[in-house]
Amino acid sequence: KKEKDEKETILKNLSIREKELKRLIEEQRRVERELENKIREIAENEIRSKNVVYSKLTPEEKVLSKSFESNKGKLPWPTLKGVIVSHFGKQEHPVLKGIFVNNNGIDIATENSSMVRAVFDGTVTKVFKIKGSKLVVIIRHGNYLTVYQNLTSINVNNGQKVKTKQEIGIVNNEDSNEVTTLHFEIWEELNKKDPTLWLSK
């Protein structure tokens with residue numbers, strides 16, 4: 001009877017935990033959808049207003065695009081230290097079987113209060129906040145965009161030019177003294193790219 005009661009308690013706790021995990025996944029999906037919609041809106045507006053497509057870039061922007069492309073697999077990491085804890089694309093949730101999550105970029109676990117750096121020369125396109133999440137910085141590199149999400153403070157402004165490895169903000173987790181996560185994406189115009197193919201090994 002004691003073993004049966006213990007088993008029922010464990011199952012009850014697992015059920016509660018599963019509901020909480022599903023709620024967190026739904027909230028994460030909402031944030032991801034909002035971020036993707038915002039990136040698309042920014043990119044589409046720039047394409048319409050500034051003709052930010054490769055064929056219509058200025059000579060300087062074309063050089064920047066080619067330089068960004070030629071550094072594929074050699075870009076510095078957006079954090080000084082870190083490990084990828086969630087990869088690009090569709091994957092099964094590590095705890096909830098049969099639940100799949102889709103990642104438009106990668107998630108890098110790093111030390112709490114770490115500085116976040118631009119991975120390449122570019123111009124800050126947008127700094128904004130998503131409801132239920134933290135600050136986001138988008139940097140344009142010719143016809144490429146890099147996205148840095150989950151920042152608690154920002155060192156740059158819209159329209160500011162930045163250099164490779166320039167510190168753009170801090171990633172912070174108020175609930176932990178040790179580890180936090182940076183969400184990082186790369187887009188070519190309106191196409192999402194796998195950042196692991198672009199960052200240095």
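Trainee: What makes Glu111 and Lys81 a salt bridge?

Mentor: The closest N and O atoms of Glu111 and Lys81 are 3.5 Å apart. A salt bridge needs a side-chain nitrogen of Lys or Arg within 4 Å of a carboxyl oxygen of Asp or Glu. The pair therefore qualifies. This is a predicted model, where local features need pLDDT of at least 70 and side-chain atom pairs pLDDT 80 or more, while totals for chains, interfaces and linings use all residues. Residues are numbered from 1 along each chain as its sequence is written, and side-chain values use heavy atoms, leaving out hydrogens and water.

Trainee: Which parts does the Glu111 and Lys81 pair tie together?

Mentor: Glu111 lies in strand 4, and Lys81 in the loop between helix 2 (59–70) and strand 1 (83–86), so the bridge ties together parts 30 residues apart in sequence. Helices (H or I, at least four residues) and strands (E, at least two) are DSSP runs, numbered from the N terminus. The chain has two helices and 12 strands.

Trainee: How many salt bridges are there in the whole structure?

Mentor: Two. Glu188 and Lys193 form one of them, with the closest N and O atoms 3.3 Å apart.

Trainee: Why is Glu111 called partly exposed?

Mentor: Its relative accessibility is 44%. Buried means under 20%, exposed over 50%, and partly exposed in between (1.4 Å probe, protein chains only). Glu111 therefore falls in between. So does Lys193, at 25%.

Trainee: Is Asn143 buried or exposed, and how do you know?

Mentor: Asn143 is buried, because its relative accessible area is 2%. Asn143 is found in the loop between strand 7 (135–141) and strand 8 (144–154).

Trainee: What makes the Asn143 and Ser65 pair a polar contact?

Mentor: Their side chains are joined at 2.6 Å. A polar contact is a pair of N or O atoms within 3.5 Å; within protein, one must be able to donate a hydrogen and the other to accept it, and residues adjacent in sequence count only if both atoms are side-chain atoms.

Trainee: How do you know that strand 10 pairs with strand 5?

Mentor: Pairing takes at least two DSSP bridges between two strands. Strand 5 (residues 114–117) and strand 10 have four, in the antiparallel sense. Ser114 stands opposite Val171 there. Strand 8 and strand 10 also pair in the antiparallel sense, over three bridges.

Trainee: Which residues touch the most other members of the largest nonpolar core?

Mentor: Leu75, Val137, Ile139, Tyr148 and Ile168, out of 23 residues. A nonpolar core is a set of buried Ala, Val, Leu, Ile, Met, Phe, Trp, Tyr and Cys residues joined through side-chain atoms within 4.5 Å. Strand 4 (106–111), strand 7, strand 8, strand 10 (167–171) and strand 11 (179–188) each give two or more residues to this core. A second, separate core has 12 residues, including Val31 and Ala43.

Trainee: What share of the chain is buried?

Mentor: Buried residues make up 38% of the 201 residues.
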